[in-house]
Amino acid sequence: MTTNPWAREVLPRKLIELVGVALNAACTNLNPEGTRRHIRAALEVGATRDEILMVLKMASVMSIHSCSLGAPILLEEATAAGVNPSKKQAPATPACDKMKAVGQWNAAWDPFFELDPIWTDEFMATGAGIYGSGVFSPKEIELLSVAFDASYTHMYAPGTRRHIKGALKAGATVEEIMEVLKLCVVQGVQACNLGVPILADELERRRIGAEP
């Protein structure tokens, strides 16, 4: 089961390994052994420094979902408590304005933009620099994003749906997207990678302790 995505060759081997890097390096996972293993494998099949670094940057900025989740709740609870955010003069937000103008703005960002437009603009400028680098094709970016959001350590449903829709629009097939989801499931083997050596050590410790 764990080798199936590699054997079927629906996705290029390089993309499979980059998805592996994404799943292990994601800020919701931070698995050093898996990250190293898949970076090594990605380099062996031709991935470049810039491609791997791009995945690591994407693994960092997915933390924005803390605000996607929390900011709407903050606004709702503040309203219920009769507490209003302090009103300030509207600042310049060129990065957000540009994203809105080209149709790349996500309505899920509205709540934290309302609460802190300057910080939101700084974040969007950072994200735009990463995703606008041209290192990956739009389809590859969407497939990697599906992996980040569908990962069992994240399971962010709004983002998973958004990026599946984006992947289909960018030309990905249903089979390719399913392979990414399977790679997310394969990541579950990390439980055995962690636990089996510990189990073996503890069984050996008990055996030695039981010897006359």
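1. Residue classes come up throughout this note. Ala, Val, Leu, Ile, Met, Phe, Trp, Tyr, Cys and Pro count as nonpolar; Asp, Glu, Lys and Arg count as charged; the others, Gly among them, count as polar.

2. Ground rules. This is a predicted model, in which local features need pLDDT of at least 70 and side-chain atom pairs count only at pLDDT 80 or more, while totals for chains, interfaces and linings use all residues. Residues are numbered from 1 along each chain as its sequence is written, and side-chain values use heavy atoms, with hydrogens and water left out.

3. Overall build. The protein chain has 12 helices and 0 strands. Both kinds of element are DSSP runs numbered from the N terminus: helices are H or I with at least four residues, strands are E with at least two. Along the principal axes, the C-alpha atoms of the protein chain fill a box of roughly 80 × 45 × 30 Å.

4. H2 against H9. The axes of helix H2 (residues 13-25) and H9 come within 9 Å and cross at roughly 35°. Axes are lines fitted to C-alpha atoms, for helices over the stretch in contact, and angles run from 0 to 180 degrees between N-to-C directions. Leu15, Leu18, Val19, Ala22 and Leu23 of H2 meet Leu143, Leu144, Ala147 and Phe148 of H9. Contact means heavy atoms within 4.5 Å. The H2 contact with H9 has 9 nonpolar, no polar and no charged residues.

5. H4 against H9. Helix H4 (residues 49-61) packs on helix H9 (residues 138-150) at about 45°, with the axes 11 Å apart. H4 is therefore oblique to H9 (under 35 degrees is roughly parallel, over 145 roughly antiparallel, 65 to 115 roughly perpendicular, and the rest oblique). H4 and H9 cross in a right-handed sense. From H4 come Met54, Val55, Met58 and Ala59; from H9 come Ile141, Leu144, Ser145 and Phe148. This contact of H4 with H9 holds 7 nonpolar, 1 polar and no charged residues.

6. H9 against H11. H9 also packs on helix H11 (residues 174-186), at an angle of about 35° with axes 9 Å apart. H9 passes H11 in a right-handed crossing. H9 supplies Lys139, Leu143, Val146, Ala147 and Ala150, and H11 supplies Glu176, Ile177, Val180, Leu181 and Cys184.

7. Largest pocket. Its volume is about 1,200 Å³. A pocket is an open set of points on a 1 Å grid over the protein atoms alone, where a 1.4 Å probe fits, with protein on both sides within 12 Å along at least five of seven lines; lining residues have an atom within 4 Å of a point. Points are joined across faces, edges and corners, and a volume is the space filled by probe spheres set on them. Of the 39 lining residues of the largest pocket, Gln104, Trp109, Glu142, Arg162 and His163 lie nearest its centre. H10 gives the largest share of this lining, 7 residues. The lining of the largest pocket has 21 nonpolar, 12 polar and 6 charged residues.

8. Second largest pocket. This one holds about 360 Å³ of space. It is lined by 14 residues, with Ser86, Lys88, Glu114, Leu115 and Pro117 closest to its centre. H7 (110-115) and H8 each give two or more residues to the lining of the second largest pocket. The largest share, 3 residues, is from H7. The lining of the second largest pocket divides into 7 nonpolar, 3 polar and 4 charged residues.

Methods
A crossing is left-handed if the near helix is turned anticlockwise from the far one by less than a right angle, and right-handed if clockwise.
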